[in-house]
Amino acid sequence: MKPKVLVTREVFEDILDYLSRYFEVTSNQSDIPINAETLASKLADKQGAMITLTDRIDTSLLTRCPNLKAVCNIAVGYNNIDIDACTKAKVMATNTPGVLDDTTGDFTWTLILATARRLSEAEDYLRAGQWDGWKLKQFLGLDIHHATLGIFGLGRIGQVVAHRAIGFEMKVIYHDVMRASPEVEKACRATFVTKEELLSQADIVTIHVPYFSATHHLIGKAELKQMKSTSILINASRGGVVDDAALIEALHSGTIAGAGLDVFENEPKFNPGFLDLKNVVLAPHIASSSQATRHKMAMLAAENLVAALTTGKPPNLLNPF
Ligand code: GLV
(Lines give C-alpha, C1' and ligand atoms only; values in the text may rest on other atoms or scores of the structure.)
Protein backbone atom coordinates (compact mmCIF):
# COMPACT_ATOMS: atom_id res chain seq x y z
CA MET A 1 0.00 0.00 0.00
CA LYS A 2 1.30 3.46 -0.91
CA PRO A 3 1.79 5.97 1.93
CA LYS A 4 -0.91 8.64 2.16
CA VAL A 5 -0.01 12.31 1.72
CA LEU A 6 -1.90 15.57 1.72
CA VAL A 7 -1.19 18.55 -0.54
CA THR A 8 -2.81 21.40 1.35
CA ARG A 9 -3.16 23.93 -1.51
CA GLU A 10 -3.44 23.90 -5.29
CA VAL A 11 -0.26 22.86 -7.13
CA PHE A 12 0.67 22.22 -10.77
CA GLU A 13 -0.80 19.01 -12.26
CA ASP A 14 2.57 17.48 -13.11
CA ILE A 15 3.60 17.79 -9.45
CA LEU A 16 0.55 15.73 -8.47
CA ASP A 17 1.43 13.18 -11.19
CA TYR A 18 4.95 12.92 -9.76
CA LEU A 19 3.69 12.46 -6.20
CA SER A 20 1.11 9.88 -7.33
CA ARG A 21 3.90 7.59 -8.48
CA TYR A 22 4.89 7.16 -4.83
CA PHE A 23 1.85 8.06 -2.76
CA GLU A 24 -1.90 7.99 -2.42
CA VAL A 25 -2.42 11.72 -2.81
CA THR A 26 -5.22 13.89 -1.47
CA SER A 27 -4.96 17.42 -2.86
CA ASN A 28 -6.86 20.61 -2.16
CA GLN A 29 -6.99 21.69 -5.82
CA SER A 30 -9.94 23.98 -5.01
CA ASP A 31 -7.28 26.03 -3.14
CA ILE A 32 -9.61 27.10 -0.33
CA PRO A 33 -7.42 27.76 2.75
CA ILE A 34 -7.77 24.98 5.31
CA ASN A 35 -8.29 26.01 8.94
CA ALA A 36 -6.34 24.42 11.80
CA GLU A 37 -9.14 22.06 12.76
CA THR A 38 -9.67 20.76 9.21
CA LEU A 39 -5.92 20.45 8.66
CA ALA A 40 -5.56 18.29 11.77
CA SER A 41 -8.43 16.01 10.74
CA LYS A 42 -7.20 15.72 7.14
CA LEU A 43 -3.67 14.89 8.34
CA ALA A 44 -4.76 12.38 10.99
CA ASP A 45 -4.22 9.37 8.69
CA LYS A 46 -1.41 10.82 6.52
CA GLN A 47 2.31 10.06 6.58
CA GLY A 48 3.32 13.27 4.84
CA ALA A 49 2.17 16.69 3.73
CA MET A 50 3.14 19.33 1.23
CA ILE A 51 2.19 22.56 2.96
CA THR A 52 2.41 26.30 2.44
CA LEU A 53 3.06 29.26 4.70
CA THR A 54 -0.66 29.53 5.44
CA ASP A 55 -0.58 26.15 7.25
CA ARG A 56 0.51 26.22 10.90
CA ILE A 57 2.29 23.09 12.13
CA ASP A 58 2.55 23.03 15.93
CA THR A 59 2.26 20.74 18.93
CA SER A 60 -1.52 20.80 19.05
CA LEU A 61 -1.69 19.63 15.43
CA LEU A 62 1.13 17.10 15.73
CA THR A 63 -0.43 15.35 18.74
CA ARG A 64 -3.47 14.63 16.56
CA CYS A 65 -1.42 13.22 13.66
CA PRO A 66 0.40 10.13 14.98
CA ASN A 67 1.26 8.79 11.50
CA LEU A 68 2.87 11.99 10.24
CA LYS A 69 6.56 11.67 9.30
CA ALA A 70 7.23 14.71 7.11
CA VAL A 71 5.94 18.23 6.44
CA CYS A 72 7.41 19.86 3.34
CA ASN A 73 6.93 23.61 3.02
CA ILE A 74 6.57 25.18 -0.43
CA ALA A 75 8.54 28.21 0.77
CA VAL A 76 12.02 29.06 1.94
CA GLY A 77 10.69 30.83 5.07
CA TYR A 78 9.33 28.37 7.63
CA ASN A 79 8.01 30.48 10.50
CA ASN A 80 4.70 28.63 10.04
CA ILE A 81 6.38 25.45 11.35
CA ASP A 82 7.32 24.92 15.00
CA ILE A 83 10.58 23.11 14.32
CA ASP A 84 11.14 22.05 17.96
CA ALA A 85 7.67 20.56 18.09
CA CYS A 86 8.37 18.64 14.86
CA THR A 87 11.67 17.33 16.23
CA LYS A 88 9.99 16.19 19.46
CA ALA A 89 7.31 14.42 17.41
CA LYS A 90 9.99 12.96 15.07
CA VAL A 91 8.44 14.70 12.07
CA MET A 92 10.89 15.84 9.38
CA ALA A 93 10.43 19.44 8.24
CA THR A 94 11.78 20.81 4.96
CA ASN A 95 11.79 24.08 2.98
CA THR A 96 12.74 25.24 -0.54
CA PRO A 97 15.97 27.26 -0.36
CA GLY A 98 17.88 28.44 -3.43
CA VAL A 99 15.30 28.09 -6.19
CA LEU A 100 13.60 31.43 -5.50
CA ASP A 101 16.56 33.72 -4.82
CA ASP A 102 16.80 35.36 -8.25
CA THR A 103 13.07 35.82 -8.66
CA THR A 104 12.69 37.28 -5.16
CA GLY A 105 15.70 39.53 -5.79
CA ASP A 106 14.12 40.72 -9.05
CA PHE A 107 10.88 41.52 -7.26
CA THR A 108 12.72 43.42 -4.55
CA TRP A 109 14.03 45.63 -7.35
CA THR A 110 10.49 45.97 -8.71
CA LEU A 111 9.49 47.38 -5.32
CA ILE A 112 12.59 49.58 -5.03
CA LEU A 113 12.08 51.18 -8.44
CA ALA A 114 8.30 51.52 -8.15
CA THR A 115 8.55 53.06 -4.67
CA ALA A 116 11.44 55.40 -5.45
CA ARG A 117 9.70 56.68 -8.59
CA ARG A 118 6.21 56.72 -7.02
CA LEU A 119 4.75 54.48 -9.72
CA SER A 120 1.57 53.36 -7.92
CA GLU A 121 0.68 56.92 -6.99
CA ALA A 122 1.33 58.21 -10.52
CA GLU A 123 -0.65 55.40 -12.13
CA ASP A 124 -3.61 55.95 -9.78
CA TYR A 125 -3.57 59.64 -10.73
CA LEU A 126 -3.52 58.82 -14.43
CA ARG A 127 -6.27 56.19 -14.16
CA ALA A 128 -8.43 58.63 -12.20
CA GLY A 129 -8.35 61.02 -15.20
CA GLN A 130 -6.51 63.71 -13.25
CA TRP A 131 -3.58 64.14 -15.67
CA ASP A 132 -3.87 67.51 -17.34
CA GLY A 133 -0.39 67.74 -18.80
CA TRP A 134 3.38 67.62 -18.17
CA LYS A 135 4.62 69.53 -15.16
CA LEU A 136 8.23 70.10 -14.16
CA LYS A 137 7.61 69.17 -10.53
CA GLN A 138 5.23 66.29 -11.07
CA PHE A 139 5.82 63.13 -9.00
CA LEU A 140 9.39 64.02 -8.13
CA GLY A 141 11.04 60.86 -6.90
CA LEU A 142 14.26 59.48 -5.53
CA ASP A 143 17.21 58.63 -7.79
CA ILE A 144 18.36 55.03 -7.56
CA HIS A 145 21.60 55.39 -9.49
CA HIS A 146 24.55 56.28 -7.24
CA ALA A 147 22.31 56.13 -4.15
CA THR A 148 23.21 54.15 -1.02
CA LEU A 149 21.47 50.79 -0.68
CA GLY A 150 21.29 49.36 2.84
CA ILE A 151 20.63 45.61 3.04
CA PHE A 152 19.54 43.92 6.27
CA GLY A 153 20.60 40.28 5.84
CA LEU A 154 23.25 39.40 3.25
CA GLY A 155 22.08 35.82 2.80
CA ARG A 156 21.21 34.28 -0.55
CA ILE A 157 18.47 36.77 -1.46
CA GLY A 158 20.30 39.78 0.02
CA GLN A 159 23.29 38.90 -2.14
CA VAL A 160 21.16 38.76 -5.29
CA VAL A 161 19.79 42.22 -4.46
CA ALA A 162 23.33 43.52 -3.93
CA HIS A 163 24.52 42.10 -7.27
CA ARG A 164 21.68 43.86 -9.10
CA ALA A 165 22.79 47.17 -7.47
CA ILE A 166 26.10 47.08 -9.36
CA GLY A 167 24.29 48.05 -12.57
CA PHE A 168 22.90 51.14 -10.84
CA GLU A 169 26.39 52.09 -9.64
CA MET A 170 25.20 52.24 -6.05
CA LYS A 171 27.07 52.23 -2.79
CA VAL A 172 26.01 49.04 -0.97
CA ILE A 173 26.16 48.70 2.81
CA TYR A 174 24.78 45.81 4.83
CA HIS A 175 24.16 44.59 8.34
CA ASP A 176 23.72 41.01 9.50
CA VAL A 177 24.08 39.05 12.74
CA MET A 178 27.14 37.41 11.17
CA ARG A 179 29.51 39.31 8.92
CA ALA A 180 29.74 37.77 5.42
CA SER A 181 33.02 36.27 4.16
CA PRO A 182 35.50 38.59 2.42
CA GLU A 183 34.70 36.75 -0.86
CA VAL A 184 30.97 37.47 -0.56
CA GLU A 185 31.60 41.10 0.44
CA LYS A 186 33.88 41.53 -2.57
CA ALA A 187 31.49 39.88 -5.02
CA CYS A 188 28.61 42.02 -3.71
CA ARG A 189 30.78 45.15 -3.37
CA ALA A 190 29.10 45.48 0.01
CA THR A 191 30.49 47.09 3.18
CA PHE A 192 29.55 45.80 6.63
CA VAL A 193 28.14 48.51 8.93
CA THR A 194 26.31 48.63 12.25
CA LYS A 195 22.51 48.64 12.32
CA GLU A 196 22.58 52.32 13.29
CA GLU A 197 24.96 53.23 10.45
CA LEU A 198 22.81 51.38 7.95
CA LEU A 199 19.64 53.14 9.06
CA SER A 200 21.16 56.61 9.08
CA GLN A 201 23.16 56.33 5.83
CA ALA A 202 20.96 54.36 3.42
CA ASP A 203 18.67 56.00 0.86
CA ILE A 204 16.97 52.64 0.43
CA VAL A 205 16.69 50.14 3.28
CA THR A 206 15.75 46.63 2.15
CA ILE A 207 15.12 43.67 4.45
CA HIS A 208 16.15 40.07 3.72
CA VAL A 209 16.14 38.29 7.09
CA PRO A 210 14.06 35.31 8.23
CA TYR A 211 11.25 35.94 10.70
CA PHE A 212 11.61 34.54 14.21
CA SER A 213 11.56 35.98 17.72
CA ALA A 214 14.93 37.77 17.32
CA THR A 215 13.78 39.60 14.17
CA HIS A 216 10.28 40.47 15.41
CA HIS A 217 9.89 44.24 14.81
CA LEU A 218 13.51 44.58 13.71
CA ILE A 219 12.23 47.82 12.21
CA GLY A 220 9.98 49.74 14.60
CA LYS A 221 9.39 53.32 15.66
CA ALA A 222 12.95 53.91 16.94
CA GLU A 223 14.57 52.47 13.80
CA LEU A 224 12.31 54.42 11.45
CA LYS A 225 13.30 57.60 13.28
CA GLN A 226 16.96 56.87 12.53
CA MET A 227 16.30 56.71 8.77
CA LYS A 228 16.64 59.74 6.47
CA SER A 229 13.39 61.58 5.82
CA THR A 230 14.07 61.15 2.07
CA SER A 231 14.65 57.39 2.33
CA ILE A 232 12.42 54.44 1.50
CA LEU A 233 11.90 51.06 3.20
CA ILE A 234 11.44 47.83 1.25
CA ASN A 235 10.20 44.55 2.76
CA ALA A 236 9.94 41.37 0.71
CA SER A 237 10.96 39.09 3.60
CA ARG A 238 8.21 38.42 6.17
CA GLY A 239 5.49 40.32 7.92
CA GLY A 240 6.35 40.89 11.56
CA VAL A 241 9.93 41.93 10.80
CA VAL A 242 8.49 45.44 10.47
CA ASP A 243 6.11 46.99 13.01
CA ASP A 244 3.35 47.89 10.55
CA ALA A 245 1.57 50.35 12.85
CA ALA A 246 4.84 52.25 13.42
CA LEU A 247 5.53 52.23 9.68
CA ILE A 248 2.09 53.65 8.86
CA GLU A 249 2.69 56.43 11.38
CA ALA A 250 6.17 57.14 9.90
CA LEU A 251 4.75 57.30 6.37
CA HIS A 252 1.96 59.64 7.50
CA SER A 253 4.23 61.98 9.37
CA GLY A 254 7.02 62.11 6.77
CA THR A 255 9.57 60.39 9.01
CA ILE A 256 10.51 58.45 5.85
CA ALA A 257 9.49 59.12 2.24
CA GLY A 258 7.96 55.82 1.17
CA ALA A 259 7.73 52.05 1.48
CA GLY A 260 7.43 49.10 -0.88
CA LEU A 261 5.86 46.07 0.78
CA ASP A 262 5.18 42.51 -0.31
CA VAL A 263 4.54 41.17 3.20
CA PHE A 264 2.50 42.29 6.20
CA GLU A 265 1.63 41.47 9.76
CA ASN A 266 -1.47 39.24 9.94
CA GLU A 267 -1.63 38.40 6.24
CA PRO A 268 -4.01 38.53 4.47
CA LYS A 269 -5.82 40.84 6.93
CA PHE A 270 -3.16 43.54 6.80
CA ASN A 271 -3.43 46.89 8.58
CA PRO A 272 -6.00 48.95 6.58
CA GLY A 273 -4.01 52.09 7.45
CA PHE A 274 -1.77 51.28 4.46
CA LEU A 275 -4.69 51.85 2.09
CA ASP A 276 -4.98 55.51 3.10
CA LEU A 277 -1.38 56.22 2.16
CA LYS A 278 -0.18 57.37 -1.24
CA ASN A 279 3.51 56.80 -0.52
CA VAL A 280 3.39 52.99 -0.41
CA VAL A 281 3.59 50.34 -3.09
CA LEU A 282 1.68 47.26 -1.94
CA ALA A 283 1.84 43.68 -3.25
CA PRO A 284 0.11 40.50 -1.97
CA HIS A 285 3.15 38.35 -1.07
CA ILE A 286 4.16 37.56 -4.67
CA ALA A 287 7.93 38.12 -4.65
CA SER A 288 8.71 34.52 -5.68
CA SER A 289 5.76 34.29 -8.03
CA SER A 290 7.11 33.74 -11.52
CA GLN A 291 5.74 30.78 -13.46
CA ALA A 292 9.12 29.03 -13.48
CA THR A 293 10.02 29.68 -9.85
CA ARG A 294 6.73 28.69 -8.25
CA HIS A 295 6.95 25.45 -10.26
CA LYS A 296 10.51 24.86 -9.04
CA MET A 297 9.43 25.51 -5.43
CA ALA A 298 6.55 23.02 -5.68
CA MET A 299 8.79 20.42 -7.34
CA LEU A 300 11.50 20.82 -4.70
CA ALA A 301 8.92 20.40 -1.93
CA ALA A 302 7.61 17.28 -3.71
CA GLU A 303 11.14 15.88 -4.04
CA ASN A 304 11.68 16.53 -0.34
CA LEU A 305 8.49 14.64 0.46
CA VAL A 306 9.42 11.67 -1.72
CA ALA A 307 12.94 11.51 -0.25
CA ALA A 308 11.64 11.92 3.32
CA LEU A 309 9.20 9.02 3.05
CA THR A 310 11.38 6.72 0.93
CA THR A 311 14.96 7.25 2.21
CA GLY A 312 14.44 9.38 5.35
CA LYS A 313 16.97 11.87 3.92
CA PRO A 314 15.22 14.83 2.27
CA PRO A 315 17.70 17.29 0.68
CA ASN A 316 16.40 20.30 2.58
CA LEU A 317 15.88 18.83 6.04
CA LEU A 318 15.56 21.57 8.67
CA ASN A 319 15.64 19.36 11.76
CA PRO A 320 18.06 16.43 11.60
CA PHE A 321 17.26 14.12 14.55
C1 GLV B 1 7.92 32.95 0.46
O2 GLV B 1 7.55 33.88 1.11
C3 GLV B 1 8.92 32.04 0.88
O4 GLV B 1 9.36 32.09 2.05
O5 GLV B 1 9.33 31.20 0.07
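Buried means under 20% relative accessible area, exposed over 50% and partly exposed in between, with a 1.4 Å probe and protein chains only. Helices (H or I, at least four residues) and strands (E, at least two) are DSSP runs numbered from the N terminus. All views show a predicted model, in which local features need pLDDT of at least 70, side-chain atom pairs count only at pLDDT 80 or more, and totals for chains, interfaces and linings use all residues. Residues are numbered from 1 along each chain as its sequence is written, and side-chain values use heavy atoms, with hydrogens and water left out.

**View A. Helix H5 and its buried residues.**
Helix H5 covers residues 101-116. Of its 16 residues, 12 are buried, so the helix is largely enclosed by the rest of the structure. The buried residues are Asp 101, Thr 103, Thr 104, Gly 105, Phe 107, Thr 108, Trp 109, Leu 111, Ile 112, Ala 114, Thr 115 and Ala 116. An α-helix has 3.6 residues a turn, so residues three or four places apart point the same way. The expected span of a helix is 1.5 Å times one less than its number of residues. For the 16 residues of H5 this should give 22 Å, and the end C-alpha atoms are 22 Å apart, which agrees. Just after H5, Arg 118 takes a positive phi of about 55°.

A residue is near a molecule or strand if one of its heavy atoms lies within 4 Å of it. Around the ligand are Leu 53, Ala 75, Val 76, Gly 77, Leu 100, Arg 238, His 285 and Met 297. By class, this shell has 5 nonpolar, 2 polar and 1 charged residues; Ala, Val, Leu, Ile, Met, Phe, Trp, Tyr, Cys and Pro count as nonpolar, Asp, Glu, Lys and Arg as charged, and the others, Gly among them, as polar.

Gly 77 contributes a polar backbone atom, 2.8 Å from an oxygen atom of the ligand. Arg 238 places a polar side-chain atom 2.7 Å from a ligand oxygen atom. For His 285, an N or O atom in the side chain is 2.7 Å from an oxygen atom of the ligand. On its own the ligand has 190 Å² of accessible area, and the protein covers 88% of that. Accessible areas come from the Shrake-Rupley method with a 1.4 Å probe; for residues, only the protein chains shown count as cover.

Asp 45 pairs with Lys 4 in a salt bridge, with the closest N and O atoms 3.7 Å apart. This pair links distant parts of the chain, 41 residues apart: Lys 4 is in strand S1 (residues 4-7), and Asp 45 is in the loop between helix H2 (36-43) and strand S3 (48-51). Asp 45 also forms a salt bridge with Lys 46, where the closest N and O atoms are 2.8 Å apart. Asp 45 is partly exposed at 34% relative accessibility, as Lys 4 is at 26%, while Lys 46 is buried at 8%. Elsewhere, Glu 185 and Arg 179 meet through their side chains in a salt bridge of 2.8 Å, N to O. Glu 185 is buried at 12% relative accessibility, whereas Arg 179 is exposed at 53%. Shared partners join Lys 4, Asp 45 and Lys 46 into one network of salt bridges.

**View E. Thr 52 in its loop.**
Thr 52 lies in the loop between S3 and helix H3 (59-62). At 14% relative accessibility, Thr 52 is buried. Its side chain makes a polar contact of 2.9 Å with the side chain of Thr 54.

**View F. Backbone geometry in two loops.**
The peptide bond from Glu 267 to Pro 268 is cis, with omega near -5°. Pro 268 is in the loop between strand S11 (258-261) and strand S12 (280-282). Phe 139 has a positive phi, near 50°, and is not a glycine. Phe 139 sits in the loop between helix H6 (119-127) and strand S6 (148-152) and is partly exposed, with a relative accessible area of 22%. His 146, also not a glycine, has a positive phi of about 65°. The loop between H6 and S6 holds His 146, which is exposed at 52% relative accessibility.

Conventions
Polar contact = N/O pair within 3.5 Å; in protein donor to acceptor, adjacent residues only side chain to side chain. Salt bridge = Lys/Arg side-chain N within 4 Å of Asp/Glu carboxyl O.
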